[in-house]
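Please brief me on this protein model.

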Amino acid sequence: MPFDPSSLSFESLNSFNVITVGLLTAVVILVILPFRDPLASVPGPFWARWSPAWMVYHALKGDMHRKMIQLHDKYGSIVRTGPYEVSIADPDAIQLIYGAGASFKKSDWYSVWQGRRKFDLFAERDASVHSTNRRFVNSIYSFSGLLEFEPYLDNVLSVFLSRLSQMDTQRIDMGYWAQLFAFDVIGELTFSKRFGFIDEGTDKGTFVHIDGALQSAAWIGQVPWLYWVHDWLSPWIGNHLKITNRHGLLREISAREVSQRNSVPSSHPDMLDKFMDVHRNHPGQFDIAAVMSMAASNIFAGSDTTAISIGAILYYLCKYPQHKEKLMEEIFAEADAGRIGRTNVPYKVARDMPYLQACIQEGLRCHPAVGMSLPRVVPPGGLAVNGVHIPGGVS
Ligand code: HEM
């Protein structure tokens, strides 16, 4: 008898058919798919294996930094966090995945950070483009390059300490003040000027945009295709994603500084001068948009990370006063020896203060500034970690 599609209707699905379809679906999901699933043997939360929704949920909830640690405690060093995504907690794998010369490219999570911009060092996923771009600015970010700016950062530090001493009888939020400080440091380093945040004791409404952009990137980066659908529809539906602040507000701050620099030179050398030099020497490859992008990257990548790290180190020192005491002893010994001043600790001295260095490293270890993974894609040959084979293409 020929097949007649019109004979199919919801009414024809009696309860027997519904149970049969349900059972077949369960067999496909639970029995057949795992055999075809290359990550089937990697343990992880049930819902994470089926869709990126699990990652989106925790990115939106903002508990990824705790959740990932719980999962590794429960399942071990390799945990499945998505249909094509795993989280690896293994010190040996760090060098393999992130080390210089590693062939693990950044995943599409980064595409939402870059948007349509051509030059973005942080978000660039093409390794050869990234290394070309990186070569232009490498010496600017080298240790010796950054040390040139030390005297100007000392000025910011003394303004900061004098502001704190004016408030020495008040309770203040040191996390917030660390952020005001870090922002003014980045302003001095990049544009030879503080943003005036520590002087005025306010971020003038800036941090909310950075926080919004970070929260937005955290979840939309799990479903980058949705970012691009939004991008395509935005002429009609408007902008609903705060990650675009990174391409908008922060870029406006640096665009303003770049255009002012053309008419008013800076009072002392800064990173913007150096970016402009690169532009003058390579106008075709490092255009003015690249100058703006690097300046905006400093604000975005440098301020929050530095502030979180300072806040974490101070927090742990307050939590463990015996370690604070020990650190103070080291600081007083250096002061008594005349190697450091009240508001000035030269890098060359700080580098050789073992207890201070240990406190900094421990603070960074206990509270990493970036609270979620920075995903990389396994190259075609696959990756073997702790006896588990992770196929190419997995994040
Ligand atoms: C304690 C402070 C800091 C921490 C913990 C930190 C952390 C990081 C991390 C983890 C990355 C790699 C991101 C990835 O692979 O996806 C990165 C990249 C970057 N950071 Fe920082 N950062 C800090 C301070 C700064 C500062 C002060 C600046 C600027 C003056 C800065 C500028 C950059 C730039 C431009 C990149 C991109 C580099 C590239 O892709 O080649 N960072 N940072």
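The briefing below runs from the overall fold to single residues.

This is a predicted model, in which local features need pLDDT of at least 70 and side-chain atom pairs count only at pLDDT 80 or more, while totals for chains, interfaces and linings use all residues. Residues are numbered from 1 along each chain as its sequence is written.

**Overall fold**

- The protein has 19 helices and 6 strands. Both are DSSP runs numbered from the N terminus: helices are H or I with at least four residues, strands are E with at least two.
- The C-alpha trace spans about 100 × 55 × 45 Å along its principal axes.
- Of the 395 residues, 27% are buried. A residue is buried if 20 or more other C-beta atoms lie within 10 Å of its own, exposed if 12 or fewer, and partly exposed in between, with C-beta atoms placed from the backbone.
- Take the contacts between residues at least 6 apart in sequence: 66% of them join residues at least 24 apart. Two residues are in contact if their C-beta atoms, placed from the backbone, lie within 7 Å.

**Domains**

- Domain 1 covers 30-105 + 375-395, and domain 2 covers 127-314. These bounds come from an automatic or database domain assignment.
- The C-alpha centres of the two domains lie 31 Å apart.
- Across the boundary, 6 residues of domain 1 are in contact with 5 residues of domain 2.
- On the domain 1 side, helix 2 (residues 53-61) gives the most, with 4 residues.
- That side of domain 1 has 5 nonpolar residues, no polar ones and 1 charged. Ala, Val, Leu, Ile, Met, Phe, Trp, Tyr, Cys and Pro count as nonpolar, Asp, Glu, Lys and Arg as charged, and the others, Gly among them, as polar.

**Ligand shell**

- The shell around the ligand holds 14 residues, of which Ala301, Gly302, Thr305, Ala369 and Leu374 come nearest. A residue is near a molecule if its C-beta atom, placed from the backbone, lies within 6 Å of it.
- Helix 16 (residues 288-319) supplies the largest share of the shell, 7 residues.
- By class, the shell has 7 nonpolar, 6 polar and 1 charged residues.

**Helix 14**

- Helix 14 has 15 residues and reaches 22 Å from its first C-alpha to its last. That is close to the 21 Å expected at 1.5 Å a residue, where the expected span is 1.5 Å times one less than the number of residues.
- Its buried residues are Leu250, Arg251, Ser254, Glu257 and Val258.
- Seen down the axis of helix 14, these buried residues fall within an arc of 125°, so they line one face. The arc is that of the directions from the helix axis to the C-beta atoms.
- The face turned away from the buried side carries exposed Arg256, Ser259 and Ser263.
- Ser259 counts as exposed because 11 other C-beta atoms lie within 10 Å.
- The C-alpha atoms of Ser259 and Asn298 are separated by 17 Å, and the two residues are 39 apart along the chain.

**Positive phi**

- Most residues other than glycine have a negative phi.
- Ser192 is not a glycine, yet has a positive phi of about 60°. Ser192 lies in the loop between helix 9 (174-191) and helix 10 (197-200). Ser192 counts as buried because it has 20 C-beta neighbours inside 10 Å.
- Asn386 also has a positive phi, near 50°. Asn386 sits in the loop between strand 5 (383-385) and strand 6 (388-390). Asn386 is exposed, with 11 other C-beta atoms within 10 Å.
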